[in-house]
Amino acid sequence: MKYCRFQQHDEAYYGLVEAIAGNDAIVRVLLSAPEEAEGDLDSLRTRKIEPIPLDNAELLAPVRPSKIICVGRNYREHAAELGNEVPQAPLLFFKPPSALLAPGRTILRPPVSERTDYEGELGVVIGRRCSRLGDGEDVHPYILGYTCVNDFTARDLQSKDGQWTRAKGFDTFCPVGPVVADGMDPWSGVQVETRVNGEIRQSGNTRDFIFPLDVVLRYISQVMTLEPGDLVATGTPKGVGAVNAGDVVEVSVEGIGVLRSPVANAS
């Protein structure tokens, strides 16, 4: 099942996405928010609409999280490319919900930063409230679905500040979408790629996580309660690099689609 969030006639809706003649389209409106389904998307009531091609829809970010938790350096080769040690435990940081950006909208580079980098990632959307998950406890019931995330970063500020709040937290620094999809298996392997101006810059697979998704979610749940709708960004493969105004970043995740974001300088 795939769903998106879109705007029509100044109203925001969640929409069920299905393929029609090989192209994704919004075919039904969800009558309640997916995060209210207790992880069971099939239980949601829907209303049929005239199909809207996904490419023609005014898409919004498909998530409304209370918090965005990110995992740093979760690919061994990415840690090495930045000259960092491999973490001994999941390395967590936050992005504020105000950083969320809808698919197709423009990432704005702040004047205070001279280097901004893309970081394509698999995002996990939480479906049920969870806290203090036990060792070996199955995390699947707590996962609503998966999406594409660009953990956009002011790299020079990250190095300057030591901690990462400012470098990761600017408005527009968390593009998400275009849809949320279930039925994927990051443990077996999901391909994550990033293109800049059509050229592949990152190509990794979630089977190469240092900390598998179940370890990550149990670890986070020992620190904080995860609420339905919360977003977990699982780490970026090697190949991160700088982008400038005029560039276009595309993050693709197998089974989800392509998250496209042009880049411009903030005025």
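**Setting up.** I kept the numbering from 1 along each chain as its sequence is written, and left hydrogens and water out, using heavy atoms for side-chain values. As the model is predicted, local features need pLDDT of at least 70 and side-chain atom pairs count only at pLDDT 80 or more, while totals for chains, interfaces and linings use all residues.

**Count.** I took a salt bridge as a side-chain nitrogen of Lys or Arg within 4 Å of a carboxyl oxygen of Asp or Glu. That rule gave me 17 salt bridges.

**Glu 38 and Arg 128.** I found these side chains paired at 4.0 Å, N to O. They sit 90 residues apart, Glu 38 in the loop between strands S3 and S4, and Arg 128 in the loop between S11 and S12. (Strands are DSSP runs of E, at least two residues; helices are runs of H or I, at least four; both are numbered from the N terminus.) I then checked accessibility, where buried is under 20% relative accessible area, exposed over 50% and partly exposed in between, with a 1.4 Å probe and protein chains only. Glu 38 is exposed at 54%; Arg 128 is partly exposed at 28%.

**Lys 238 and Glu 77.** Here I noted a salt bridge of 3.7 Å, N to O. Lys 238 lies in the loop between S17 and S18, and Glu 77 in helix H1, 161 residues apart. Lys 238 is partly exposed at 43%.

**Glu 119 and Lys 168.** Buried or exposed, I wondered, is Glu 119? It is buried, at 4%, and Lys 168 is buried at 2%. Their closest N and O atoms are 3.4 Å apart.
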